[in-house]
Amino acid sequence: MRVAIFGTGGVGGYFGGLLARADHDVVFIARGQHLAAMRKHGLQVKSPHGDFHLKNIVATDNPAEVGPVEYLIVAVKHYQLQEAAGRMQPLIDAQTIILPLLNGVDAHEILISSLGSHQVVGGFCSISTMVEAPGVIRQASQLRRIVAGELDKCPDPRLSRIIAAWGGCGVDAVHSLDIFVDIWTKFLFIASFGSVSSLARASVGEILRIPQTRTLLVNAMREIEALAHAQGMMLAPDAVEETIKLLEGLEPTITSSMQRDVASGRPFELEAFSGKIVQLGRASNVPTPTYDLVDGLLRPALLRSLEHA
């Protein structure tokens with residue numbers, strides 16, 4: 001398979017690295033010091049599933065050098081997506097599958113608005129990874145899951161092929177029968193955990209151990225559950241309880257990527273989480289008091305980060 005990874009951070013570097021290690025033809029789109037390090041030393045992955053070092057990889061910051069690919073995996077931050085989509089056209093032809101692995105519930109909509117609807121599918125991942133140093137990706141948890149599915153629910157063997165390839169690499173890779181419900185179920189997890197952990201500056205173990213933060217987390221999940229139902233997404237009746245169990249099963253020291261971005265003063269995905277939730281809540285007449293609070297308390301930090309970006 002010929003695959004382009006657009007955004008070689010923790011997510012793109014890890015899942016793209018697995019495909020490259022399995023001898024698929026992978027090109028990494030990156031930038032800055034991370035790109036320079038990959039060109040010079042390759043891509044190193046540190047993982048509880050086994051470390052590996054890809055010494056000879058193809059990496060560039062110019063999609064025009066690559067040309068059309070079979071699969072375009074989009075792994076930028078949500079706030080980078082609109083700008084990034086404008087640079088993707090050289091990677092696409094009539095056969096390209098465009099698969100976003102982003103947080104939020106509207107990545108596919110943003111891609112469709114820029115690239116058209118024919119080749120875009122829905123998708124997301126569940127993993128704790130980060131760029132430890134230029135050219136070095138560290139996975140911090142055993143969890144590594146990808147879920148992808150067609151927006152029209154019509155099975156496409158091309159999507160099945162790349163899902164099977166990740167499965168062959170040991171990833172819990174799922175071909176979704178209803179990707180919209182699955183996206184909202186993941187959103188219930190990541191928006192609540194990202195928001196509460198960013199406010200509390202706490203790991204998942206600390207959040208669950210302290211009654212006040214645990215209650216805040218559950219309230220945040222319930223608001224997304226109500227909002228999903230208002231959007232016509234019928235989540236499982238025990239979605240909140242199962243998400244709490246998922247968090248309880250993680251290593252207690254795990255933090256969210258949003259929390260790490262907030263703590264470091266980098267831009268973060270506030271608009272994809274509380275911004276989107278508050279917007280949809282008002283449009284749907286669904287109260288979102290937890291996310292109103294999150295948005296108000298974290299927005300000054302976001303504005304400061306953008307001033308210094």
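Guide: Start with Glu225. Leaving out residues up to four places away in sequence, Glu225 touches Leu188, Leu235, Pro237 and Val240. Contact means heavy atoms within 4.5 Å. This is a predicted model: local features need pLDDT of at least 70, side-chain atom pairs count only at pLDDT 80 or more, and totals for chains, interfaces and linings use all residues. Residues are numbered from 1 along each chain as its sequence is written, and side-chain values use heavy atoms, with hydrogens and water left out.

Visitor: Is Glu225 buried or exposed?

Guide: Buried means under 20% relative accessible area, exposed over 50%, partly exposed in between (1.4 Å probe, protein chains only). Glu225 has 12%, so Glu225 is buried. Glu225 is found in helix H8.

Visitor: What is Leu235 in contact with?

Guide: Skip its neighbours within four places in sequence. The partners of Leu235 then include Val181, Trp184, Thr185 and Glu225.

Visitor: How do I read a nonpolar core?

Guide: In soluble globular proteins, nonpolar side chains tend to be buried together. A nonpolar core is a set of buried Ala, Val, Leu, Ile, Met, Phe, Trp, Tyr and Cys residues joined through side-chain atoms within 4.5 Å. Here the largest has 47 residues; Leu235 is one of those that touch the most other members, as are Trp184 and Phe268. Helices that each supply at least two residues include H6 (179-200), H8 (211-230) and H12 (289-307). H6 gives the largest share, 11 residues. A second, separate core has 37 residues, among them Tyr71 and Ile127.

Visitor: How many helices and strands does the chain have?

Guide: Helices (H or I, at least four residues) and strands (E, at least two) are DSSP runs, numbered from the N terminus. The chain has 12 helices and 10 strands.

Visitor: Which backbone angles deserve a look?

Guide: Check for positive phi outside glycine. Asp23 has a phi of about 75 degrees. Asp23 sits in the loop between helix H1 (10-21) and strand S2 (25-29). With a relative accessible area of 72%, Asp23 is exposed. Arg201 has a positive phi near 55 degrees. Its place is the loop between H6 and H7. At 47%, Arg201 is partly exposed.

Visitor: What does the radius of gyration say about the chain?

Guide: The radius is taken over C-alpha atoms; the globule rule is 2.2 Å times the number of residues to the power 0.38. For 309 residues, a compact globule would have a value near 19 Å, and the chain has 19 Å, which agrees. Buried residues make up 55% of the chain.
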